[in-house]
Amino acid sequence: MVVERITNAAYFTAPVLLALLAATITTLALFKKSWRKALRFVVRAQTNGALTNAAAAVSRAVLGPLLAKAPLTAPSRIRVSRVGAHAVSLEFKADVSRSKFFAVPTYEVALKGRNLKAELKRPEAAVADEDGFWLKISGRGTAYRLKDLYDDETYVMRVRAVNRAGPGPWSAEVPFYTRQEATAFGGGVFDPGRHGGRADGAEGTAVYEWTQEKTAVCVRVALPKGVTRGRQLEVDIRPSALRVAVYGGATLVAGDLYAAVKPDECTWEIEEASGVPSHCATKGAANLVLYLEKVKHDDREHRGRWIGLIQGHNMVDFNFQQKAPGSK
């Protein structure tokens with residue numbers, strides 16, 4: 001297509017214009033028998049960006065309308081970082097050059113998650129398609145901070161570029177998970193029925209909750225009905241891993257720990273779930289309670305606190321910590 005050929009040729013236009021301007025200025029100066037001044041002028045003009053700006057202006061005026069309608073490709077290298085309970089950062093690679101010589105399209109970020117449309121601050125931004133409701137955010141940059149998200153939720157995100165010819169193709173969908181708000185006692189809850197799809201490299205069928213102090217972590221694991229005695233369990237506590245299973249049966253919790261513990265100083269016991277104010281209490285007749293003694297580790301960001309129990313399970317955000325019962 002003609003537009004495609006002109007678009008490809010545009011990448012070579014700016015250097016040619018730059019060379020022609022430099023040659024013209026040099027020729028005029030030499031004609032006046034002042035080659036030293038000409039040389040100084042060319043060097044000074046290039047240093048100050050005068051030639052570059054002039055070439056850019058010509059490119060925008062002549063080729064801008066065509067470039068603004070050039071075919072687009074899907075953005076790539078989408079990266080989610082700085083994940084919190086209610087916000088995440090998004091970065092991606094633009095599909096065209098972002099230099100001043102070429103038109104920069106706008107971008108649309110589409111976000112989908114549980115009950116997203118029902119609680120939007122801007123309901124008009126929600127767009128329905130065959131995959132459900134998406135919240136669309138528009139801008140010219142390739143980095144965004146997405147806020148007002150639910151904690152402990154699964155979201156899906158995709159990005160596309162838009163110019164005068166219309167929108168380009170969507171990028172591949174990128175799933176991500178927001179962190180939990182930390183409980184009043186600095187821990188969290190894991191429910192395999194809800195979080196199971198996130199448990200990369202970890203196993204387990206049991207609900208558990210965990211709290212922590214400066215030197216120890218307390219874990220309550222909901223036991224299946226009928227499991228009320230220690231000899232019915234296999235509990236393996238290692239310096240960097242934990243495994244709890246019913247003897248000859250299902251694995252309840254297993255995986256690498258967030259940080260190291262001291263196995264010789266760790267203990268466990270079984271308690272009745274009745275009367276225990278925990279998320280585990282409604283899941284079984286009894287709970288396994290583990291007391292894990294931490295190995296001191298240098299974690300300046302979290303001041304020695306664990307942000308999760310099992311690696312691959314959901315993490316917590318201490319910027320949003322729930323209040324203790326009875327506190328104001």
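Modeller: What follows goes from the overall fold to ring pairs, then to charges over rings and a strand.

Modeller: Keep in mind that this is a predicted model; its secondary structure comes to four helices and 19 strands, and buried residues make up 43% of the 328 residues.

Biologist: How many aromatic pairs does the structure hold, and what is the geometry of the pair formed by Phe190 and Tyr208?

Modeller: Planes under 30 degrees apart count as stacked. The structure holds five aromatic pairs, and among them Phe190 and Tyr208 are stacked, with 5.4 Å centre to centre and 25° between the planes. Because Phe190 belongs to strand β11 and Tyr208 to strand β12, this pair ties together parts that are 18 residues apart in sequence.

Biologist: Are Phe190 and Tyr208 buried or exposed?

Modeller: Buried means under 20% relative accessible area, so Phe190, at 3%, is buried, and Tyr208, at 2%, is buried as well.

Biologist: How do I read the rings of Tyr258 and Trp306?

Modeller: Their centres are 6.2 Å apart and their planes are at 55°, so the pair is tilted. Tyr258 counts as partly exposed at 22% relative accessibility, whereas Trp306 is buried at 0%.

Biologist: Which rings have a charged end of an arginine over them?

Modeller: The charged end of Arg158 sits over the ring of Trp170, 4.5 Å from its centre, and that of Arg305 sits over the ring of Phe318, 4.0 Å from its centre.

Technical notes
Residues are numbered from 1 along each chain as its sequence is written. This is a predicted model: local features need pLDDT of at least 70, side-chain atom pairs count only at pLDDT 80 or more; totals for chains, interfaces and linings use all residues. Side-chain values use heavy atoms; hydrogens and water are left out. Helices (H or I, at least four residues) and strands (E, at least two) are DSSP runs, numbered from the N terminus. Buried means under 20% relative accessible area, exposed over 50%, partly exposed in between (1.4 Å probe, protein chains only). Rings of Phe, Tyr and Trp (its six-membered ring) pair if their centres lie within 6.5 Å; planes under 30 degrees apart count as stacked, over 60 as edge-to-face and the rest as tilted. A charge sits over a ring if NZ of Lys or CZ of Arg is within 6 Å of the ring centre and within 35 degrees of the ring normal.
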